[in-house]
Amino acid sequence: MRTKLSTCRRKARYATEGEAEAAALRFALPLYPYRCDRCFAFHLTSRTKGKRNPSIPHPIP
Ligand SMILES: [Zn+2]
């Protein structure tokens, strides 16, 4: 996945995949860590490559 520089710059960066996963748990959305090819750190994305997200409504507190 090619990351846009603008996307990279506005996203939070995580040094490791584990750190990104831990951060993802704090969000009420399913987020997946991916390695950025711009900064070589990890970012979180809600997009799943090739998979369709079932539209399950998330209860918002
Ligand atoms: Zn990046």
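**View 1. The zinc site is tetrahedral.** Four donor atoms surround the zinc ion, and the angles they subtend are 105 to 114°, which makes the arrangement tetrahedral. Four donors count as tetrahedral if all angles lie between 85 and 135 degrees. For four tetrahedral donors, the ideal angle at a metal is 109.5 degrees. The donors are Cys-8 (SG), Cys-36 (SG), Cys-39 (SG) and His-43 (NE2), at 2.1 to 2.4 Å. Donors here are N, O and S atoms within 2.8 Å of the metal (3.2 Å for Na, K and Ca); water is not among the atoms, so sites may look incomplete. This is a predicted model, in which local features need pLDDT of at least 70, side-chain atom pairs count only at pLDDT 80 or more, and totals for chains, interfaces and linings use all residues. Residues are numbered from 1 along each chain as its sequence is written, and side-chain values use heavy atoms, with hydrogens and water left out.

View 2. Cys-8 and Cys-36 link distant parts of the chain, 28 residues apart. Cys-8 sits in helix H1 (residues 5–10). Cys-36 sits in the loop between strand S1 (32–35) and strand S2 (42–45). Helices (H or I, at least four residues) and strands (E, at least two) are DSSP runs, numbered from the N terminus. Cys-8 and Cys-36 are both buried, a word that means under 20% relative accessible area; exposed means over 50%, and partly exposed lies in between (1.4 Å probe, protein chains only).

**View 3. The largest nonpolar core has 7 residues.** They are Tyr-14, Ala-20, Ala-23, Ala-24, Leu-31, Phe-42 and Leu-44. A nonpolar core is a set of buried Ala, Val, Leu, Ile, Met, Phe, Trp, Tyr and Cys residues joined through side-chain atoms within 4.5 Å. For this core, helix H2 (17–24) and S2 each supply at least two residues. H2 gives the largest share, 3 residues. In soluble globular proteins, nonpolar side chains tend to be buried together. Look next at Tyr-14. Beyond its neighbours within four places in sequence, Tyr-14 is in contact (heavy atoms within 4.5 Å) with Glu-19, Ala-20, Ala-23, Ala-41, Phe-42, His-43 and Leu-44.

**View 4. Ala-20 is buried, at a relative accessible area of 0%.** This residue belongs to helix H2. Ala-20 touches Tyr-14, Pro-33, Phe-42 and Leu-44, leaving out residues up to four places away in sequence. Ala-20 and His-43 are 23 residues apart along the chain, yet their C-alpha atoms are separated by 6.8 Å.

**View 5. Tyr-32 is partly exposed.** Its relative accessible area is 36%. Tyr-32 lies in strand S1. The C-alpha atoms of Tyr-32 and Glu-17 are separated by 9.4 Å. Along the chain, these two residues are 15 apart.

Key: Four donors count as tetrahedral if all angles lie between 85 and 135 degrees; four count as square planar and six as octahedral if opposite donors are over 155 degrees apart and all others between 65 and 115; anything else is irregular.
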